[in-house]
Amino acid sequence: MLAAVGSPLRLGLGRIFRCAPVAQGEAAWRALAPPRPRGLPRYCSSRAPSGSGPQAGKVHRVPAEYKPSQFDKKILLWTGRFKTMEDIPPRIPPEMIDAARNKARVKACYIMIGLTIIACFAVIASAKRAAERHESLTSWNLAKKAKWRKEAALAEQAKAK
């Protein structure tokens, strides 16, 4: 037998099993709850300690109060969580601000994707117009180098005098 009858046995991923005696002397294993971390109070969404109330299954390790900054309030408004600044309570659950930040992040990504596509079409249109005028980077580069050569020749003539 792996463990003495009645002693807890910890397996991977924080699961604890206890060996309980059965009538015929064989051991029956049953799962126990993982141990609670010391020093951390556990709160549920109803702000009551865990184990009391109908929502005892939803446990948070952080108190369900967060004071939103002005930027957080703007995010809450932009994501549609609240209608006006006055509707935002002074304290909100951290899950609410996390969800609003994630939604704002996704909206910002969609906006950047749209602007990138618009910029691509603008560059294509600009390149087509430049091709109609027979402008290219190569012709610009050759003209610029010819100008530099001319300026260098003028500088050499001025030095020679």
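Modeller: Let's start with contacts, meaning heavy atoms within 4.5 Å. In the protein chain, 27% of the contacts with a separation of 6 or more are between residues 24 or more positions apart.

Biologist: And what should I know about the source?

Modeller: It's a predicted model: local features need pLDDT of at least 70, side-chain atom pairs count only at pLDDT 80 or more, and totals for chains, interfaces and linings use all residues. Residues are numbered from 1 along each chain as its sequence is written, and side-chain values use heavy atoms, with hydrogens and water left out.

Biologist: Why is Asp72 called buried?

Modeller: Buried means under 20% relative accessible area, exposed over 50%, partly exposed in between (1.4 Å probe, protein chains only). Asp72 has 3%, so it's buried.

Biologist: Which residues does Asp72 touch, leaving aside neighbours within four places in sequence?

Modeller: Tyr66, Ile97 and Arg101 are in contact with Asp72. Asp72 itself sits in helix α1, residues 70–78. Helices here are DSSP runs (H or I, at least four residues), strands likewise (E, at least two), numbered from the N terminus.

Biologist: How many of each does the protein chain have?

Modeller: Three helices and five strands, in the order β-β-β-β-β-α-α-α.

Biologist: What makes Val106 partly exposed?

Modeller: Val106 has 42% relative accessibility, so it counts as partly exposed. You'll find Val106 in helix α2, residues 94–132.

Biologist: And how much of the protein chain is buried?

Modeller: Buried residues are 12% of the 161.
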